Every structure is written in structure tokens, then in C-alpha cells.
Amino acid sequence: MEYPEDSALLSRLLSGEESAYRELVATYQGSMRAVALAIVGSRNSDEVVQDAWLAVVNSLKGFQGRSSLKTWLLTITANTAKTRLKHNRREVLMDDLPGPHGTIGDDRFADDGHWLMAPHEWHQDTPEAMLLQNELRECLEKTLGSLSNMQSSVLVLRERQGLELEEICNLLDISLSNVRVLLHRARLKMFATLEHFEETGQC
Amino acid sequence: MLSCKELVANSSDYLDNRLSLSRGLEVRLHLTLCVNCRRFIRQMKISQAVYRKMQLEKAEDLDGLAQKLADAQRSSD
Ligand SMILES: [Zn+2]
């Protein structure tokens with residue numbers, strides 16, 4: 001087994017140990033949902049994730065450890081989703097809706113490319129302190145809600161699960177340059193919301 | 001030299017370590033000279049960290065799911 005950190009968990013899973021399944025579900029449910037959402041959309045994603053989990057359990061014995069458990073789980077999820085999708089080929093919408101607080105757009109820069117309105121120092125600059133503010137949390141959720149399915153999935157897979165960009169391309173069948181653009185725009189929207197809140201104290 | 005606007009356009013690739021060697025050098029040079037862009041990058045990192053720490057999962061019965069899967073595994077033997 002090339003992924004030693006997985007093998008202990010795997011043997012506990014194979015023996016049906018419930019705490020091992022709790023660990024597995026807690027670690028991967030969010031990413032599996034992100035993969036399903038990107039491929040089949042929100043109406044069918046819960047069902048796809050359910051089916052994928054059952055497929056995972058059914059094929060656990062045959063898991064060879066040639067890839068990491070993470071890659072294996074997400075590949076099963078992507079395949080389950082693609083089977084569901086079959087004929088209707090989706091297109092990746094690159095012109096997503098604007099975020100509630102915009103982005104870091106051209107208007108922030110002078111003609112020579114220097115900052116016109118440079119970022120100010122933030123009052124709070126630890127994530128823990130920021131997230132204690134309920135209103136900010138709700139505000140960020142609103143911004144996340146404005147992302148397209150594909151964009152929010154890419155963000156989850158990169159920022160929360162730490163997938164390489166190439167892995168994201170392969171799972172979701174989109175090009176590397178699309179992944180980079182989606183990710184960049186999503187990050188700037190989040191940034192713009194945090195900055196707006198820091199400056200105005202409201203959403 | 002890279003402008004601030006170009007630095008922002010390259011910021012995600014910088015954070016993901018996706019820049020070519022020469023572009024990476026240009027970005028690092030710009031950052032040593034420009035306090036505004038240093039602040040921007042620092043705040044981008046804070047905003048990534050905030051996102052990572054946010055509770056996103058909708059309240060759902062993950063323990064129930066885990067139990068169902070463990071049961072399915074045990075009954076497949
Ligand atoms: Zn600059």
C-alpha cells in the first residue's frame with residue numbers, strides 16, 4: 001500500500017467499525033457533495049452522493065490502494081454522477097453572477113496599473129476572530145450562495161480538500177484554465193465581501 | 001515591472017504555486033517593493049483561511065449515514 005495513512009483506516013472500515021465510517025463521512029462528505037454538485041447540479045446531487053457511498057462500501061474489499069482513499073472516493077463519486085448525467089452534456093458557465101460585494105475589478109486600479117483604491121489594513125485579521133461575528137458569517141454565506149455550482153465545487157475541492165488543480169480537472173471534466181479562472185474569481189468575491197465588511201461593519 | 005493590477009490577476013496562481021519561474025520572480029520582486037500588494041496577498045490568505053474554517057455542511061445526520069454504511073459493510077460479509 002502506497003498510502004500508509006489510509007491503510008489503518010481501511011482495515012477498520014473493512015471490519016465494519018462504526019467510528020471508522022464516522023471519520024470517513026466527516027472527512028469526505030463535503031467534497032463528495034462538491035463533485036456531485038458540479039456534475040449533476042443541486043437537484044440530483046444528494047442522491048448521487050448516497051449512491052456513491054453505497055458503491056464505496058460495495059467495492060471497499062476490492063480497493064487496492066493504488067491511489068489515495070481520497071482520490072478513489074472522489075473518482076467513484078464523479079463516475080456515479082456522470083452515469084446519472086449520461087447524455088445531457090453540460091456546459092461550464094464561465095460568466096457567473098457577480099458577487100454581492102463585487103470583486104477586485106478594473107475600477108480599483110489607475111490606468112498605469114497602480115492601485116487607485118488599495119486595500120486597507122483590516123481591524124480583525126485572524127480568521128477565528130472574524131468568524132465570531134455572526135453577521136459576517138451570514139454575509140459570507142450569501143456570497144458563497146452567489147457562486148455557480150461549478151465555482152463553489154472547485155472552491156471546496158481546492159481550499160477545503162486540498163486537491164491539486166489537475167485532479168479537479170480530471171474529476172469534473174473541465175480544463176485547467178477553467179479551473180484557474182473559476183478559482184480566482186471565487187476567491188476575489190470572498191475577498192471583496194470580507195473587505196466590504198471590514199470597512200463598513202455591515203453586509 | 002509587473003503592475004499592481006497584473007499582480008492581482010496573478011495572485012491565485014501565486015497562491016497555488018502555478019507561476020512560471022520568471023513570472024514567479026517578477027511577483028516576488030513586486031511584493032518586496034509594494035506594501036499595498038503585500039497587504040492584498042496577506043488578506044487573500046486570511047480570506048482563504050476564513051473560508052476553510054467556515055462551517056459549510058448543512059446540518060444533516062452524518063452519524064446516521066456512517067451507521068448505515070457500517071451496517072451495509074457488515075452485512076455484505
Ligand atoms: Zn503593487
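The residues A:L155, A:E159, A:R187, A:M190, B:S47, B:Q48 and B:Y51 line the largest cavity of this predicted model, a cavity being, on a 1 Å grid over the protein atoms alone, a set of points where a 1.4 Å probe fits but cannot get out, with lining residues having an atom within 4 Å of a point. The elements giving two or more residues to this lining are α7 (149-160) and α9 (176-200) of chain A, together with α4 (35-53) of chain B; helices here are DSSP runs of H or I with at least four residues, strands are runs of E with at least two, and both are numbered from the N terminus. The largest share of the lining, 3 residues, comes from α4(B). By class, the lining has 3 nonpolar, 2 polar and 2 charged residues, where Ala, Val, Leu, Ile, Met, Phe, Trp, Tyr, Cys and Pro count as nonpolar, Asp, Glu, Lys and Arg as charged, and the others, Gly among them, as polar. A search of the whole structure finds 1 cavity of 30 Å³ or more, and about 40 Å³ of space lies in the largest cavity.

Residues are numbered from 1 along each chain as its sequence is written, while chains are lettered from A and ligands numbered from 1 in the order in which they are written. Because the model is predicted, local features need pLDDT of at least 70 and side-chain atom pairs count only at pLDDT 80 or more, whereas totals for chains, interfaces and linings use all residues; side-chain values use heavy atoms, with hydrogens and water left out.

The zinc ion is coordinated by B:C4 (SG), B:H30 (NE2), B:C34 (SG) and B:C37 (SG), at 2.0 to 2.4 Å, donors being N, O and S atoms within 2.8 Å of the metal (3.2 Å for Na, K and Ca). Angles of 103 to 113° among the 4 donor atoms make the site tetrahedral, a term that requires all angles of four donors to lie between 85 and 135 degrees. Since B:C4 lies in helix α1 (residues 4-9) of chain B and B:C34 in the loop between α3 (21-33) and α4 of chain B, the pair ties together parts that are 30 residues apart in sequence. B:C4 is buried at 3% relative accessibility, and B:C34 is likewise buried, with a relative accessible area of 12%, buried meaning under 20% (1.4 Å probe, protein chains only).

In UniProt, an unreviewed entry places the feature "domain: Putative zinc-finger" at residues 4-38 of chain B, a span that is 80% helix and 0% strand.

How values were computed. UniProt positions are given in the numbering used here, feature names are shortened, and annotations may be inferred rather than shown by experiment. On a 1 Å grid over the protein atoms alone, a cavity is a set of points where a 1.4 Å probe fits but cannot get out, and a pocket is an open set with protein on both sides within 12 Å along at least five of seven lines; lining residues have an atom within 4 Å of a point. Grid points are joined across faces, edges and corners, and a volume is the space filled by probe spheres set on the points. Four donors count as tetrahedral if all angles lie between 85 and 135 degrees; four count as square planar and six as octahedral if opposite donors are over 155 degrees apart and all others between 65 and 115; anything else is irregular. Buried means under 20% relative accessible area, exposed over 50%, partly exposed in between (1.4 Å probe, protein chains only).
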